[in-house]
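Student: I would like to learn how to read pockets and metal sites in a model. Can we work through one together?
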Amino acid sequence: MSIPTPAYAVHSPTDALVPWSFDRREPLAGDVLIEILYCGVCHSDLHQARDEWGGSIYPMVPGHEIVGTVTRVGSDVTKWKVGDTVGVGVFVDSCRQCESCLAGEEQYCESGMTGTYNAMGRDGVSVMYGGYSTQITVDQNYVVRIPENVPLDRAAPLLCAGITTYSPLRHFGIKPGDSVAIVGLGGLGHMGVKFAKALGAHVTVLSHSPGKREAALELGADDFVAMNAPDAFSKNKTRFNFILDTVSADHEYNDYLGLLKLNGVMCLVGLPNPTTVGAFALVGKRRSLAGSMIGGIAETQEMLDFCAEKGIAADVEVIAIQDINEAYERMLKSDVRYRFVIDLATLK
Ligand code: NAP
Ligand code: ZN
Ligand code: ZN
């Protein structure tokens, strides 16, 4: 038995997304079935739909910023009941036994997390399909609770953009008084600004879009630098303790490393193709270059609860699923304030 599920899918790296349908598995004993209400549109969806990282599996149903309602539960489910409002992020399973999984950092599972889409299931034969669809079957342990006071459309991007920026800011111990730069003011970047401010940092946005200055300050940034100004790098040399780089396109990491103070850390979360890093950019001031990938289930719940407590949510533009291809084109032009979110009622 399986559950017919309408969706939007992409069939090759050069195709647009089109209506499609497939079967979800019936909930197993430990599974919940979730009716999807909203799904955020992450730049990773676009990278993978167009096979920019290699190895894409087609047809692909993207989407890993999922918010919905539990409609059925398996016989062993203890954590959720029908009617609960829940979220699903970038992965839906992991080995549950390795050091990372046992530490609650399932995203770094030694045998690889099971992606919400563009991935094989742990049985090695089933293909995973994401949130540009009406429903999803997920193991109860890979689901999080959406707090009551966060609007559901604005909650969806927290499942990827939110946790991906929250986790490194916490891991690297950002605290009041730190001088933090957020590079790129898109889906991830705007969440980075909100979290860094909430942690008490002095926050500067480094952007290649001069027109985003006012919006950045409205979001809570203390300062804004248009990086295409000729003196942008020289004027801001050795200014920051921490740089969170969310940029989706190739750019010169060495130039940004020069903006770090002594002992400063630049953490990459954006995933363009690799560029060169020069030893001199790090060695001269004992700087560190790091990377970070989303966050574990427990930390994702912690981030959602932090958002509820501080009144934080994503700034979104809600779209019909029929507008998804235009949304991709606008995202490529950095023309989104700051996250497209699909209203799945438009697919039903
Ligand atoms: P997005 O909304 O498209 O934002 C990316 C931002 O990068 C843009 O708004 C723009 O900001 C800046 N940018 C774009 N093109 C640029 C260029 N040519 N030169 C300089 N800056 C440019 O994307 P997103 O959804 O936030 O995702 C950002 C990146 O993070 C993607 O590569 C995505 O795959 C990756 N990601 C990683 C993780 C992880 O776990 N590490 C999780 C989710 C996403 P300005 O206009 O302000 O310059
Ligand atoms: Zn994402
Ligand atoms: Zn594991």
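**Reading a pocket and a metal site**

Tutor: Start with the lining of the second largest pocket: by class, eight of its residues are nonpolar, five polar and nine charged. Keep in mind that this is a predicted model.

Student: How is such a space found, and what volume does the second largest pocket have?

Tutor: A probe the size of a water molecule, rolled over the atoms, shows where empty space is left. Here the second largest pocket has a volume of about 400 Å³. Its lining counts 22 residues, and Arg25, Gly121, Ser126, Met128 and Thr137 are the closest to its centre.

Student: Which strands each supply at least two residues of that lining?

Tutor: Strand 2 (18-25), strand 6 (91-93) and strand 8 (135-139).

Student: Now take Thr114. Why does Thr114 count as buried?

Tutor: Thr114 counts as buried because its relative accessibility is 3%, and the cut-off is under 20%. Thr114 is found in strand 7 (residues 114-115). Beyond its neighbours within four places in sequence, Thr114 contacts several residues, including Phe91, Val92, Gly121 and Met128.

Student: On to the metal. Which protein atoms are the donors of the zinc ion (ligand 2)?

Tutor: Cys42 (SG), His64 (NE2) and Cys160 (SG), at 2.0 to 2.3 Å from the zinc ion. The donor spacing in sequence reads C-x21-H-x95-C. Cys42 and Cys160 link distant parts of the chain, 118 residues apart. Cys42 lies in the loop between strand 3 (31-40) and helix 1 (43-49), Cys160 in the loop between helix 3 (152-155) and helix 4 (161-171).

Student: Are Cys42 and Cys160 buried or exposed?

Tutor: Cys42 and Cys160 are both buried.

Methods
Residues are numbered from 1 along each chain as its sequence is written. Chains are lettered from A and ligands numbered from 1 in the order in which they are written. This is a predicted model: local features need pLDDT of at least 70, side-chain atom pairs count only at pLDDT 80 or more; totals for chains, interfaces and linings use all residues. Side-chain values use heavy atoms; hydrogens and water are left out. On a 1 Å grid over the protein atoms alone, a cavity is a set of points where a 1.4 Å probe fits but cannot get out, and a pocket is an open set with protein on both sides within 12 Å along at least five of seven lines; lining residues have an atom within 4 Å of a point. Grid points are joined across faces, edges and corners, and a volume is the space filled by probe spheres set on the points. Helices (H or I, at least four residues) and strands (E, at least two) are DSSP runs, numbered from the N terminus. Ala, Val, Leu, Ile, Met, Phe, Trp, Tyr, Cys and Pro count as nonpolar, Asp, Glu, Lys and Arg as charged, and the others, Gly among them, as polar. Buried means under 20% relative accessible area, exposed over 50%, partly exposed in between (1.4 Å probe, protein chains only). Contact means heavy atoms within 4.5 Å. Donors are N, O and S atoms within 2.8 Å of the metal (3.2 Å for Na, K and Ca); water is not among the atoms, so sites may look incomplete.
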